[in-house]
Every structure is written in structure tokens, then in C-alpha cells.
Amino acid sequence: MVCGMPEISVEVLKKVVRYREVDEQHQLVQWFWHTLEEFSNEERVLFMRFVSGRSRLPANTADISQRFQIMKVDRPYDSLPTSQTCFFQLRLPPYSSQLVMAERLRYAINNCRSIDMDNYMLSRNVDNAEGSDTDY
């Protein structure tokens, strides 16, 4: 109860979603929900980490402090999705098919393990440790 539910419920996400630049009837949104429903729970956990930085949803829906946001972005077709973990936001470009969306989303959740700028700041701190403050 304290750590949240180990199963990521698509229905719970649907209850707390907010759409930006798109509505729930849009093909992109329909494809997204269908894709998420087809994901295994392990993939949904990776998805949660990708969009929120957390691996679980609270046990009580009322404890979800931010609404999940799905935003359509103006990027080239079939690009990788992006997220903003501090806003619990998924940013989806247009896709040519649901299959392509699923492939790109799977790639993103399996290969983007850092949260926002974590890796950038870590590498910058390592680089700075070797030099001096005057190197800037």
C-alpha cells in the first residue's frame, strides 16, 4: 500500500488523463491506448518510468497528485516519443500506423532510462571534477 500497486492499470491512467493539442477521439490517442493495453505489465512499468520517473501508481487513485498528460507534438512522422517526467507528460509525434507507434514507444521505454537531464548533469559533473572552475 505504501509503495503503490505493482500492476500498472491502463484504466486508472485513462481516469486521470488530460489531452493537449489532441482529444480522446483522435487516431493517435486510440492507437496509444491500444498499444498500452497490449504491453505486458513489465513494459507498462517501463512506460511509467519513462513518463513519470516512478515505477508504480499510488494504491489509491485519489493520491495521484498530477494528471497524466498526452500531448500531440509537431515533429516529423514516426519520430520517437518524448516525455517530461516532472509534468507526467507523454509527447507523441504523428505516426503512420499503430505498429510503428508501438515500435517507437517500446524503443523509447527500453532505451531512455534517465530522467530528464540526469545523464547530462552526471557527465557534466564528472567532466568538471577533472578540470577547474576556470575551464569555463
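1. The unreviewed UniProt entry places the feature "active site" at Cys86; UniProt positions are given in the numbering used here, feature names are shortened, and annotations may be inferred rather than shown by experiment. Cys86 is found in the loop between strand 3 (82-84) and strand 4 (89-92), where helices (H or I, at least four residues) and strands (E, at least two) are DSSP runs numbered from the N terminus. Cys86 counts as partly exposed because its relative accessibility is 47%, given that buried means under 20% relative accessible area, exposed over 50%, and partly exposed in between (1.4 Å probe, protein chains only).

2. As to the basis of these notes, this is a predicted model, in which local features need pLDDT of at least 70 and side-chain atom pairs count only at pLDDT 80 or more, while totals for chains, interfaces and linings use all residues. Residues are numbered from 1 along each chain as its sequence is written, and side-chain values use heavy atoms, with hydrogens and water left out.

3. The loop that holds Cys86 belongs to the hairpin of strand 3 and strand 4, which has four residues between the strands and in which Phe88 takes a positive phi near 55°. Strand 3 and strand 4 run antiparallel and are joined by three bridges (two strands pair if DSSP finds at least two bridges between them). Within this pairing, Gln84 stands opposite Gln89 in strand 4.

4. Ser83, which is found in strand 3, is buried, because its relative accessible area is 19%. A polar atom of the Ser83 side chain lies 2.5 Å from the backbone oxygen of Phe50, and I would look at this pair directly in the model.

5. Strand 2 (residues 68-72) is paired on two accounts: four bridges join it to strand 1 (residues 17-20), in parallel, and four bridges join strand 2 to strand 4, also in parallel. Val17 stands opposite Phe68 in strand 2, whereas on the strand 4 side Gln69 stands opposite Gln89 and the bridge partner of Met71 is Arg91. Strand 2 is mostly covered, with four of its five residues buried.

6. Which residues touch the most other members of the largest nonpolar core? Of its 32 residues, they are Leu13, Phe32, Trp33, Phe47, Phe68 and Leu90, a nonpolar core being a set of buried Ala, Val, Leu, Ile, Met, Phe, Trp, Tyr and Cys residues joined through side-chain atoms within 4.5 Å. Two or more residues are given to this core by each of helix 1 (10-15), helix 2 (27-38), helix 3 (41-52), strand 2, strand 4 and helix 4 (98-111), and helix 2 gives the most, with six residues.

7. Leu13 illustrates the packing: leaving aside its neighbours within four places in sequence, Leu13 is in contact (heavy atoms within 4.5 Å) with Ile8, Trp33, Leu36, Phe47, Met48, Leu57, Phe68 and Phe88.

8. For the chain overall, the secondary structure comes to five helices and four strands, which run α-β-α-α-β-β-β-α-α from the N terminus on. Of the 136 residues, 38% count as buried, and among contacts between residues at least 6 apart in sequence, 62% join residues at least 24 apart. The accessible surface comes to about 8400 Å², of which 49% belongs to carbon and sulfur atoms, with areas taken from the Shrake-Rupley method with a 1.4 Å probe and, for residues, only the protein chains shown counting as cover.

Technical notes
A polar contact is a pair of N or O atoms within 3.5 Å; within protein, one must be able to donate a hydrogen and the other to accept it, and residues adjacent in sequence count only if both atoms are side-chain atoms.
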